Amino acid sequence: MANPALKPSLLNQFRLSWNHFKSRLLLKYAFSYILIFLIPLTGVTIFVYENAVKGLRVEIEQSNVNQLNQVKNTIDTRMNELQEIAGRIAYDKYLTPYMVKDPYYSMEAVQALANYKASSNIAEDLLLYFHNDSNIYSHRGLADLHVTFDTLYQFERWTPAELRQDLNETRQPLVRPAENVTINSRTDPMLVMLVPIKPNDPYPYGTVVYLMKESKLTGVMDSILSDFTGSSYIFGPTGEVLTANSHGVTLPRNDLEKISGLEPGIHNLKLDGEQHSVVSVQSEENGWTYVTTMPSFQFFSRVAHVQTLILIVFCITVITGIAAALLLAKRQYHPIRDLMEFAKLKSSGKDAPKVRNEWEWIRQTFHDYIAKIDLQEPFVRNQCMLLLLKHGKPDDPEIEQMIFSTGFSHPQGEGLYFSAILSWDDTKPGSKSWQERHLLQEILSNVCLPTSGAQIFGVEFSVKDQFALIISLHGDADMLVQTRMEQVIEGIQAIIREHSQLSLSIGVGMAYSDLSRLNQSFIEAAAALEHRMIRRSGQVTYFEQLAELNPSATESFWIPRKSMLKLEQSLKQGNEPVAVQMIADTIEMIKDEPLQVHLLRCICFELLNAFLRTASELGMDSVFANMPELTSFETLEELENRLLSLAADICMQVERNTETSESSLMDDILAYVDEQFADYTLSLEHVALKFAISTSYLSRSFKEKTGSNFSQYIWQKRVDEVIRLLENTSAPLKEIIEQVGYLDTPNFIRKFKKEIGLTPGQYRKEHALKGTVVKRPI
């Protein structure tokens with residue numbers, strides 16, 4: 001017996017060597033990932049850092065220019081509104097010198113002034129003065145000129161003499177700079193705008209006086225310059241400061257004169273001993289200049305924030321990238337390790353070389369299993385063909401290439417494609433007819449008819465007792481398409497008669513030159529097959545010939561029967577793209593017909609009824625609870641939207657029904673296998689025959705359901721049962737192995753030891769010594 005201390009020693013030595021090798025590989029992966037992201041990240045960061053300051057400065061300055069232009073446009077609009085009001089006052093019949101002084105009409109004049117004042121949201125008060133008059137008029141009524149400006153409005157700098165002179169001699173609109181005005185013991189900075197009336201008249205007869213609070217103008221500027229922290233000014237045409245919002249920072253007079261004369265644009269100036277960024281725009285309407293100033297340190301503080309942000313983001317990205325590189329390296333190595341362990345498990349010790357690395361293990365595995373991959377090709381091809389039938393020409397180039405490699409590739413415009421569906425009328429599971437059906441499916445899976453130049457491919461799909469055919473024809477302009485299709489179907493029938501006595505029906509769709517429309521041919525074939533009851537059993541039904549079922553043409557218009565059959569079948573098949581196309585074509589067909597309203601309504605309800613019939617067949621009772629909404633359409637567009645929504649719901653329900661049906665079938669199969677796994681006669685063919693499905697469909701669905709193929713699953717169940725019996729009974733080993741359905745005892749022992757690491761006898765002995773269940777390797 002081997003020295004027991006030697007085994008742990010060798011095991012530890014192997015683990016140390018393996019861990020050292022793995023660490024080097026992990027380090028190599030991690031270092032590669034770090035370089036992959038760090039080099040371009042550093043270059044991008046430097047580039048961003050160099051351009052961020054310049055780009056951000058230009059962006060901020062341009063933003064200030066745009067906002068200042070918006071301020072200019074807004075205030076210009078307000079000033080223009082005031083001049084327009086003055087123009088309307090000049091031509092108002094109630095505001096002539098005679099009307100305002102007339103005792104009878106004076107109240108109407110006061111009301112008119114009140115209306116004009118209310119129409120402006122910037123004017124605090126509106127006054128009307130006629131030249132050389134001792135009175136002035138407002139919405140409050142007539143008042144003495146001296147009383148108005150000595151008692152009601154007391155200006156800080158505008159003297160009564162200057163005021164009277166400006167009121168009588170102003171010939172052009174004039175705006176006085178903001179100054180403090182005392183109003184009933186309350187002082188507010190206000191601007192005064194004088195507009196002579198009539199405007200642009202060389203000999204005006206009066207003046208409209210607007211009083212505006214400075215806060216109204218500065219409020220407009222602040223609301224637009226919302227995130228601006230500097231000072232803002234409005235200068236008059238002669239450079240005087242009309243209004244300012246300096247936030248407590250007062251510039252010297254010479255600096256104000258300097259910025260008032262700036263050209264429109266962006267400037268860098270030294271104001272009051274400090275560098276400023278100055279933005280200036282000028283109004284073409286009234287010659288006003290709008291200026292904003294901001295100390296440069298405040299301006300560039302936003303740029304400094306960006307610099308700091310770039311540095312922080314770079315550091316965080318580097319740290320995150322290194323952590324991600326280590327994680328990716330570990331994840332990258334994990335499947336390689338699993339593959340290598342799998343290769344070690346499957347390879348024999350005699351054939352294994354003494355020194356091997358991971359890639360050699362993986363390469364050896366590929367060599368061992370390359371033949372098994374070829375066995376999966378028929379299943380893959382069937383899935384590709386099924387996609388072609390369900391959805392038309394695929395978008396995936398690899399799947400498209402696989403389909404074309406089977407014989408579908410024709411020059412543009414020289415190929416025809418159509419679909420046919422075979423339906424067995426007397427198939428009985430377990431009988432000889434069932435075996436004949438499988439033989440026919442195998443023969444028709446890929447067959448060529450040289451006489452008609454047709455390539456035929458068989459496709460299994462979910463409908464029981466049916467088998468689909470995809471038929472490819474070379475283009476031939478000398479023969480009718482229908483004639484060529486009939487020749488192909490006759491050839492298929494000849495093959496069926498040669499190998500079977502089964503009675504079957506065939507539904508044939510229309511032929512298309514575009515492979516992407518093959519899904520429509522499949523729907524047409526299903527529709528034709530569904531209406532085979534109008535013919536004798538065992539015959540062929542062409543979808544093209546269903547047109548003969550239409551009533552004779554009359555003056556009335558009805559949706560063609562072929563279109564309705566194709567639409568209903570696309571819904572039953574759950575093929576939403578074809579259903580959507582048929583809805584659009586049918587609605588367009590109805591639009592092109594000049595129909596009376598009552599007939600149009602009947603046709604629309606006929607179309608809707610087709611959807612409701614299909615929904616009823618699928619058990620969609622919830623659809624009928626929504627009947628008022630479905631039938632409350634007023635236009636064809638509304639009907640189309642309702643039908644599209646209903647088609648999506650029906651196709652989704654078909655998909656759910658299919659999934660439920662397939663899942664239920666596989667649950668029954670799995671329960672049967674779990675019960676009968678100890679039967680040595682149990683096989684994939686046996687189960688397929690019992691449940692009336694093909695072996696290829698069973699193999700594919702079983703793998704999707706359990707994650708293992710059929711033979712692996714049976715083996716695992718038998719091994720689990722053997723382990724249970726070894727742990728809980730003292731029955732002889734040969735009896736236990738035969739009891740689980742395995743007749744070759746030596747072969748079972750070899751496979752058991754390769755998977756568990758112990759022979760069944762060693763496993764029973766070790767379990768008896770330890771008194772615990774030995775964990776099986778995953």
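A salt bridge is a side-chain nitrogen of Lys or Arg within 4 Å of a carboxyl oxygen of Asp or Glu. The exercises below apply this and related criteria to a predicted model, in which local features need pLDDT of at least 70, side-chain atom pairs count only at pLDDT 80 or more, and totals for chains, interfaces and linings use all residues. Residues are numbered from 1 along each chain as its sequence is written, and side-chain values use heavy atoms, with hydrogens and water left out.

**Exercise 1. Salt bridges within a helix**

Determine the N to O distance between E721 and R724 and their spacing in helix α22.

Solution. 
1. The closest N and O atoms of E721 and R724 are 2.7 Å apart, and the pair forms a salt bridge.
2. E721 and R724 are 3 residues apart in helix α22, about one helical turn; helices (H or I, at least four residues) and strands (E, at least two) are DSSP runs, numbered from the N terminus.
3. R724 has 42% relative accessibility and counts as partly exposed. The classes are buried (under 20% relative accessible area), exposed (over 50%) and partly exposed (in between), with a 1.4 Å probe and protein chains only.
4. A further pair is R253 and E257, a salt bridge with closest N and O atoms 3.7 Å apart. Both residues lie in helix α7 (residues 253-260), 4 residues apart, about one turn of the helix.
5. R253 is exposed, at a relative accessible area of 67%.

**Exercise 2. A salt bridge between helices**

Identify the helices that hold D674 and K717.

Solution. 
1. The side chains of D674 and K717 form a salt bridge at 3.8 Å, N to O.
2. D674 belongs to helix α19 (residues 636-676) and K717 to helix α22 (residues 710-728), so the pair ties together parts that are 43 residues apart in sequence.
3. D674 is partly exposed at 28% relative accessible area, and K717 is partly exposed at 25%.
4. In the whole structure, a search finds 10 salt bridges.
5. A network of salt bridges links E124, R186, D188 and K213.

**Exercise 3. Backbone geometry in loops**

Locate K198, N184 and D272, and state the backbone angle given for each.

Solution. 
1. The peptide bond from I197 to K198 is cis, with omega near 5°. K198 is in the loop between β6 (186-197) and β7 (206-213).
2. N184 is not a glycine, yet has a positive phi of about 50°. N184 is placed in the loop between β5 (174-183) and β6, and is exposed at 56% relative accessible area.
3. D272, also a residue other than glycine, has a positive phi near 55°. The loop between β10 (265-271) and β11 (274-282) contains D272.
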